[in-house]
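Welcome! Please take a moment to look over the sequence and the 3D structure below, and then read on.

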Amino acid sequence: PSSSFCSPLGLCLSKMPPRSQSPGATRKKDEKKDEAPGKTAESSNGVAPAKFVTPPRPEGLRSSIMTLHLALAGSVALFSFLGQSMLHPVPEGKFQKKDGPLIDMNNYDPVEMGPYPKCHPRFGEHQSLAENGTTIWVKNSAVGASGPFPVGHPENLVFVAKSHKEFEKENAENRFKWAGLQPNLHLLTLATLCVYLGAKHSVWLWTEPIETREAAQLLQKEDAYWFPVMGSCVLFGLFLVLKYLGSEYIKLMITAGIVFMCMFGIGTNLEHLFAVFKSKVSNPIFTIPYFDEKVTSVEMLGMLIGGTMAAGFMWNKHWIINNAFGCSFCLVGIKMIGLSSWKTGAIMLIGLFWYDVFWVFGSKSVFGSNVMISVAKGVEAPIKLMFPRSMGGCGTLLHSMLGLGDIVVPGIFIAFMAKWDAVKIGEKKSTSFVYLNSIMVAYVLSLLTTVTIMLFFNAAQPALLYIVPFVLIASVVVATSRGEMKELWNYTITEDPPEDAKASEDAKKEK
């Protein structure tokens with residue numbers, strides 16, 4: 001499945017306010033500028049509308065969140081062990097062919113086995129005849145987008161056709177074997193648990209009293225309209241940087257920036273987990289100047305753990321650390337980015353549906369390369385989850401990938417539906433998370449559809465092409481069957497007014 005990370009998550013990061021800021025504070029200055037004091041609190045007939053109040057916290061939510069954290073941690077550990085168990089040593093200077101035999105690296109034949117692998121001294125190159133008839137080595141990147149692609153180039157037509165047939169044969173042989181099922185089960189498990197846990201934890205944060213509630217970015221319809229545009233700018237910008245300025249130094253800077261943000265994500269998630277465990281928000285031990293970021297002792301411990309992980313990732317780019325960072329980042333995005341309404345979520349999903357389709361299917365015909373895949377493979381950073389499927393000839397693992405955006409984007413919408421569940425439970429019109437559970441089934445089915453089509457066509461798929469219809473239709477079907485579609489359509493989560501924001505900050509200072 002393709003990576004659609006660059007738009008949603010990159011945009012979410014740029015829009016997230018400081019954690020210590022109250023939900024209503026982000027618009028305080030604008031309200032004061034554009035409205036007279038108190039005017040926004042009145043309706044057109046001069047009568048103050050009812051103040052928005054979050055519902056009570058559903059019973060059993062704490063134990064459910066703790067159980068899901070354990071399930072996610074256990075799944076990461078289990079699949080990490082299973083993935084690493086695929087490895088076995090390949091002697092230096094040797095290459096293991098698919099059928100098992102070891103050959104000397106100097107005897108590697110690109111005609112038979114395709115482009116030179118990463119462990120070969122000529123990786124990324126192919127042989128070509130110069131005008132004077134001599135054989136020279138040429139970079140694969142020097143070949144034009146329209147070809148022709150010589151032997152040793154990854155887009156050589158003979159090699160592409162041969163590898164496609166080999167993949168189909170391998171897929172048919174392993175379809176119902178553990179070797180074929182493991183990476184797909186790995187994908188389904190991590191993605192599902194991240195979305196389900198993030199959605200339920202977002203309800204916990206949302207139903208926190210205003211005095212201790214943590215700030216979250218509340219997306220309005222205007223934000224949703226801009227998601228595909230801003231996402232496309234970020235994605236295409238990264239593509240251009242990698243293509244024309246793609247030195248190792250530039251790639252290292254991009255990786256370091258993303259990993260640095262992931263380090264803070266570990267701290268945030270550990271603080272959230274500890275707050276659920278003790279059912280109380282921790283008091284900050286200091287505030288970061290300028291950013292007005294309040295840091296707790298638990299969060300500081302999490303950042304130290306994240307810093308150690310970051311150093312390990314920068315050293316060897318290990319896929320296990322990548323997935324730990326990726327899961328952490330998904331949880332932060334789903335928990336800390338909220339939707340103001342169902343309509344806002346629908347606009348966001350439909351816009352990113354077309355974004356994903358174009359950048360996976362249409363970008364190659366326009367720009368000469370699949371922009372989405374080029375960025376996903378070119379940036380060695382936790383922008384996707386990686387699922388080992390086999391060992392390559394160099395003795396390293398080969399992976400399937402799922403972009404973090406394919407988890408975070410639907411996760412934000414599903415988290416809104418979980419909050420709607422909390423409203424219905426608070427009104428005594430429901431006894432469980434019926435919307436959340438139903439849409440999670442649809443999300444799993446959409447991932448299964450994505451994987452099936454990917455394997456059938458042996459080509460990367462824009463996962464949102466399948467996720468968006470499944471998730472949106474499921475929400476409409478459940479709401480309609482319960483006679484709540486009109487109510488859901490009109491339901492809006494509003495930001496806390498400035499006076500509540502000030503009261504929240506005063507209460508925190510008193511603590």
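The paragraphs that follow go from a pair of strands to the nonpolar cores and then to the cysteines.

Before we start, note that this is a predicted model, in which local features need pLDDT of at least 70 and side-chain atom pairs count only at pLDDT 80 or more, while totals for chains, interfaces and linings use all residues. Residues are numbered from 1 along each chain as its sequence is written, and side-chain values use heavy atoms, with hydrogens and water left out.

Let us begin with strands S9 (residues 384–391) and S10, which pair in the antiparallel sense over 7 bridges. Strands, like helices, are DSSP runs numbered from the N terminus (at least two residues of E for a strand, at least four of H or I for a helix), and two strands pair if DSSP finds at least two bridges between them. Across this pairing, Ser390 stands opposite Leu398 in S10. The two strands form a hairpin with 5 residues between them, and Gly395 in the turn has a positive phi of about 90 degrees. Strand S10 (residues 397–403) is largely enclosed by the rest of the structure, because 5 of its 7 residues are buried. Buried means under 20% relative accessible area, exposed means over 50%, and partly exposed lies in between (1.4 Å probe, protein chains only).

Next come the nonpolar cores, sets of buried Ala, Val, Leu, Ile, Met, Phe, Trp, Tyr and Cys residues joined through side-chain atoms within 4.5 Å. The largest has 102 residues, and Met348, Ile407 and Tyr443 have the most contacts inside it. Helix H13 (residues 405–426) gives this core its largest share, 14 residues. A second, separate core of 6 residues includes Phe95, Tyr108, Met113 and Tyr116.

Now for the cysteines: which two does a disulfide join? The partners are Cys119 and Cys394, with an S to S distance of 1.9 Å; a disulfide is a pair of cysteine sulfur atoms within 2.5 Å. The link connects distant parts of the chain, 275 residues apart: Cys119 lies in the loop between helix H4 (110–113) and strand S3 (125–129), and Cys394 in the loop between S9 and S10. With -70 degrees about the S-S bond, this link is left-handed. Cys119 is partly exposed at 33% relative accessible area, and Cys394 is partly exposed at 22%.

Cys194 is buried at 0% relative accessibility, and Cys327 is buried at 5%.
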